[in-house]
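The following exercises are meant to be worked through with the sequence and the model open side by side.

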Amino acid sequence: MKRTGARRWLLLAIIAAFGVSYFSSYFNRYYVGVVIDVGINIILAVSLNLINGHTGQFSLGHAGFMAVGGYTAASITLALSKQLSSLAAVPALFLVALLAGGLMAALAGLAVGVPTLRLKGDYLAIVTLGFGEIIRVIFQNMESVGAASGLFGIPGYTNLFWAWSLAAVTVFVVASLVNSTYGRGFIAVHDDEVAASAMGINPTRYKVTAFVIGAFFSGVAGGLYAHHKTLLSPTGFDFLKSIDIVVMVILGGMGRTAGVILAAIVLTILPEFLRAFADYRMIIYSLLIIGLMMARPQGIFTFARKTVAVK
Amino acid sequence: MKRLSYLLAGGACALLLLNGCNKPSDGGGGSGGSGGTIKVGEFASLTGKEATFGASSHEGTQLAIEEINAGGGLLGKKLELLTEDDLSKAGEPATVVNKLISRDGVVAILGEVASSRSLEAAPICQQNKIPMISPSSTNPKVTETGDYIFRVCFIDPFQGTVMANFATKTLKAKKVAVFTDVKSDYSKGLAKYFKEGFAKAGGQITAELDFNGGDKDFKAQLTAIKGSSPDAVFVPAYYTDVALICIQAKQLGLNVPLFGGDGWESDQLVKIGGDAVEGNYFSTHYAPDVATDKVKSFVAAYQKRFQGKTPDAMAALGYDSAMLLADAMKRAGSTDGGKVRDALAATKDFDAVTGKITIDQKRDATKSAVILQVQGGKFKYLETVNP
Amino acid sequence: MDWFFQQLINGLALGSIYALIALGYTMVYGVLRFINFAHSDVLMLGAFAAYFIAPAAAHLFPPPSYLGALFVMVLAAGICAVIGILIELLAYRPLRDRPKLTVLITAIGVSLFIEFTCQHHAVFGASTKPFPNLLPQHDFRLAGLAVNSTDLVVPLMTVVLLAALWFIVQKTKIGTAMRAVSFNHQAAALMGVSINRVISFTFGLGSALAAIAGILYALKAPGIEPLMGVQPGLRAFIAAVLGGIGNLPGAALGGLVLGLLETFAGGMPAISNYRDGIAFAILILILLFKPAGLLGKTQVEKV
């Protein structure tokens with residue numbers, strides 16, 4: 001029923017992305033760049049939403065997974081791009097690099113998800129923040145990836161097609177996952193872990209799965225980011241970057257895929273229009289967070305959803 | 001739900017792209033000459049962690065542009081400076097430089113202070129054939145990006161060698177400990193070149209320790225450094241950390257001279273460090289008390305324009321980068337990217353505030369460094385080191 | 001051996017500061033069961049308050065003088081106590097009945113708000129400001145080790161404050177009320193304890209301690225800027241967890257242990273780069289193996 005419809009939309013989205021990308025040279029580079037940023041942020045927000053929103057594990061270290069993916073993908077392309085025999089091999093190399101980045105990030109997600117199984121709320125937040133910091137510190141000291149100087153001269157493979165079709169894939173995977181019978185387990189774990197395990201749902205499995213999948217896509221986004229900005233610097237993946245993504249998830253309503261996508265778009269495009277007020281940006285963000293939590297904790301872009309309240 | 005959001009997403013981005021369609025830009029340097037002004041783009045860290053450096057360099061650039069316009073402009077037109085803030089954040093320079101080039105149609109880019117942010121923007125300028133001049137990025141790799149990328153400052157290998165020679169010749173130090181900020185590529189680069197130069201000059205490194213920029217407590221590492229009995233300690237870091245390091249070194253009884261690079265330069269160094277900084281040395285691009293006419297008139301003009309502030313090296317270099325650009329455009333007789341680039345590459349003995357600049361084959365500036373010492377709470381010019 | 005004792009002294013001073021900050025975290029967690037992310041920023045506000053008060057105080061007590069320093073500290077602590085109470089009133093109290101996650105996110109929002117507002121050039125500005133030298137400085141040698149008078153004053157002050165805190169919590173009415181609330185909210189309310197008053201008092205007390213910690217921190221490292229509280233705050237939180245969150249002596253112990261561990265690690269060339277990560281590694285280890293902390297008791301989750 002819904003699955004076939006979703007698959008059709010996915011295909012349509014990928015074709016549309018390819019089409020637009022083909023003509024992207026006619027468009028202004030600046031705007032194209034921003035639209036690519038939007039695509040990358042959608043992937044980040046939706047993948048974090050799986051962890052924070054759907055499964056209720058409040059993670060503050062998402063930028064760390066992005067870093068792992070970005071550095072891995074960039075290392076591969078930097079090492080192999082010169083040896084490509086033909087231009088046609090570029091997409092293959094890029095895809096391989098992105099997937100490798102995603103996989104490494106997924107491993108990192110495993111490393112983070114397992115120790116944090118027993119943690120809740122505040123503790124979980126701080127520990128994931130800690131993991132994010134540890135990953136950053138490791139990259140800062142790894143000479144093979146440039147340490148504090150970072151990696152630069154990364155080939156600029158990312159274009160509209162890659163950013164948006166991968167965004168479409170991410171949304172498809174996460175949304176389909178959550179809406180499936182298996183996926184209801186995530187929401188069960190979010191609502192009440194003890195009740196869930198009493199019903200035979202293994203919270204451990206769901207939590208770890210959420211982290212691994214969320215981290216995977218975050219890693220892919222990191223790879224796209226690396227090949228878009230052509231430069232990776234460890235300081236770019238600090239706590240504040242994680243917060244940027246968290247704000248998108250909060251604004252969109254934790255657990256609402258559509259809302260989160262919209263929030264990602266708005267929070268990427270709006271700062272471009274408001275560059276004159278750039279030094280107020282973080283102040284506005286923080287007020288936004290506080291205001292949202294007070295007045296509308298379910299996020300701004302939430303539409304009516306049928307829920308059965310059992311108290 | 002997914003469909004609705006996708007439609008909205010697609011719609012928003014389509015609008016954005018169509019907007020951009022109205023001002024298509026080719027790769028050749030944009031339409032910056034139209035409408036009677038020459039548009040020059042600048043990107044700097046006006047807010048965020050490195051706001052003080054960005055703000056200084058921006059003020060210097062601004063002063064230069066204003067002076068040129070007051071003198072009748074360039075090639076019959078006024079210069080228009082379009083400045084964008086990169087928030088001291090990685091990822092921003094790419095966006096803002098794309099904006100300046102593609103949307104605003106600038107003919108050249110000035111920026112940035114931090115090497116990592118220059119490295120992010122350089123490929124974009126190179127691809128679009130827009131000349132870029134960095135005021136003070138010292139990482140050699142910046143100009144290696146391509147032949148449209150220049151800088152008006154010396155590079156870390158030079159600075160490291162300068163301090164290595166200073167250590168052996170002036171400080172007569174045979175054993176030096178090196179204390180590096182592991183979070184800063186500037187610090188690590190400078191330390192690396194210093195160690196090479198020092199070893200070549202016959203010196204011995206007694207200890208190499210690291211700290212994290214922003215740390216407040218260095219006693220652990222300083223104790224280890226003290227234990228290695230150096231004649232002097234090289235600290236190629238920024239003034240905020242250096243001030244604290246000097247204080248704590250003194251408290252621990254580490255009474256040998258400390259010295260470093262241009263990251264030391266700030267009046268906050270003495271304000272924060274107080275007595276502990278007395279007698280220490282550092283290299284930099286210029287000193288406000290160097291007695292040339294050019295420096296004196298620059299300092300006076302800057303103080304007049306910016307409420308009595310004394311310009312620091314970033315401001316001087318920002319000024320020089322803009323002046324050099326204007327000079328190159330004058331020599332080329334046009335704002336065309338390729339011609340300006342050639343003129344820049346041919347620069348010889350350009351009379352700048354920070355010394356006489358000659359652009360070498362690698363598009364770096366060959367010029368002298370000055371060494372300053374903290375005396376009586378002020379920076380006193382000690383010597384000039386020529387390349 | 002010399003090196004060991006030198007690091008010991010360094011570590012004790014650092015550890016004492018962590019301990020003071022950790023106390024604030026643990027007290028708030030004890031009564032409200034949540035981590036006040038904004039605590040690290042109160043530290044920063046305390047240092048800035050002292051920065052602005054010091055010139056005025058200099059007229060009364062020409063620096064450097066112990067009396068002058070005390071004057072500045074008391075004033076700054078008072079200001080921050082008020083700020084802490086205000087934060088609780090405006091940001092946390094309205095959310096008292098909401099899910100923990102909501103309050104946590106709000107706390108992060110408050111913390112970011114304070115940090116970035118202070119960074120704005122109209123407020124404090126992002127650049128580092130020199131902190132005045134409030135205490136008389138004596139450098140002297142003790143059995144061959146370099147000791148600075150501040151290094152002795154800090155642990156001393158911490159001990160005094162700890163003793164005062166212990167007295168308040170154990171022997172006064174409000175202190176008993178605090179312990180009651182942290183033990184069982186509802187029962188305490190039923191016994192006539194004004195929950196709101198206790199919580200306000202806890203925030204005020206914790207913030208005052210944070211302010212003093214901030215000033216001591218600034219005395220050791222005299223450059224202050226709006227983000228100065230982030231790292232010490234994070235370390236102090238880890239210290240509180242290390243000692244057992246909700247447990248006062250635990251927080252003090254945790255602070256000392258963490259300060260010492262960090263100092264010793266920082267002096268070893270192999271690990272010094274990873275200093276930032278060490279504190280977090282300790283956190284993860286503790287939560288994996290002894291989540292209740294060194295002095296805490298394991299809590300059973302009731303269904």
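**Exercise 1.** Determine how many residues the contact takes from chain B and from chain C, and which helices and strands supply the side of chain B.

Solution. Counting two residues as in contact if their C-beta atoms, placed from the backbone, lie within 7 Å, one finds that 27 residues of chain B and 25 residues of chain C take part. At least two residues each come from α2 (51-70), β7 (204-211), α8 (219-227), α9 (239-251) and α10 (267-273) of chain B, and the largest share, six residues, belongs to α8(B). For the last step, Ala, Val, Leu, Ile, Met, Phe, Trp, Tyr, Cys and Pro count as nonpolar, Asp, Glu, Lys and Arg as charged, and the others, Gly among them, as polar. On this scheme the side of chain B that touches chain C has 11 nonpolar, 10 polar and six charged residues.

A note on conventions belongs here: the model is predicted, local features need pLDDT of at least 70, side-chain atom pairs count only at pLDDT 80 or more, and totals for chains, interfaces and linings use all residues. Residues are numbered from 1 along each chain as its sequence is written, while chains are lettered from A and ligands numbered from 1 in the order in which they are written.

**Exercise 2.** Describe the domains of chain B and the contact that domain 1 makes with domain 2.

Solution. The bounds, which come from an automatic or database domain assignment, divide chain B into domain 1 (26-154 + 294-368) and domain 2 (157-284). Taken over C-alpha atoms, the centres of domain 1 and domain 2 of chain B are separated by 30 Å. Eight residues of domain 1 of chain B and 10 residues of domain 2 of chain B form the contact, and the domain 1 side consists of three nonpolar, four polar and one charged residues.

**Exercise 3.** Work out the strand order of the open sheet of seven strands in chain B, and explain why β7 and β15 of chain B each have one side without a neighbour.

Solution. Strands are taken to pair if DSSP finds at least two bridges between them, and the order that results is β7-β6-β8-β9-β10-β14-β15 (chain B), with mixed pairing. Because β7 and β15 (378-385) of chain B stand at the edges, each with a single partner strand, one side of each is left without a neighbour in the sheet. Using axes fitted to C-alpha atoms, neighbouring strands of this sheet are turned by 25° against each other on average, direction ignored.

**Exercise 4.** Decide whether B:Lys129 and B:Lys172 are exposed, partly exposed or buried, and state where each is placed.

Solution. Most residues other than glycine have a negative phi, and most peptide bonds are trans. B:Lys129, in the loop between α4 and β4 (132-134) of chain B, has a positive phi of about 55°, and because it has 19 C-beta neighbours inside 10 Å it counts as partly exposed. B:Lys172, in the loop between α6 and β6 of chain B, has a positive phi of about 50°, and with 9 C-beta neighbours inside 10 Å it counts as exposed. Elsewhere in chain B, a cis peptide bond with omega of about -10° joins B:Gly111 and B:Glu112, and B:Glu112 lies in the loop between β3 (108-110) and α4 (115-127).

Note on methods. Helices (H or I, at least four residues) and strands (E, at least two) are DSSP runs, numbered from the N terminus. Axes are lines fitted to C-alpha atoms, for helices over the stretch in contact, and angles run from 0 to 180 degrees between N-to-C directions. A residue is buried if 20 or more other C-beta atoms lie within 10 Å of its own, exposed if 12 or fewer, and partly exposed in between; C-beta atoms are placed from the backbone.
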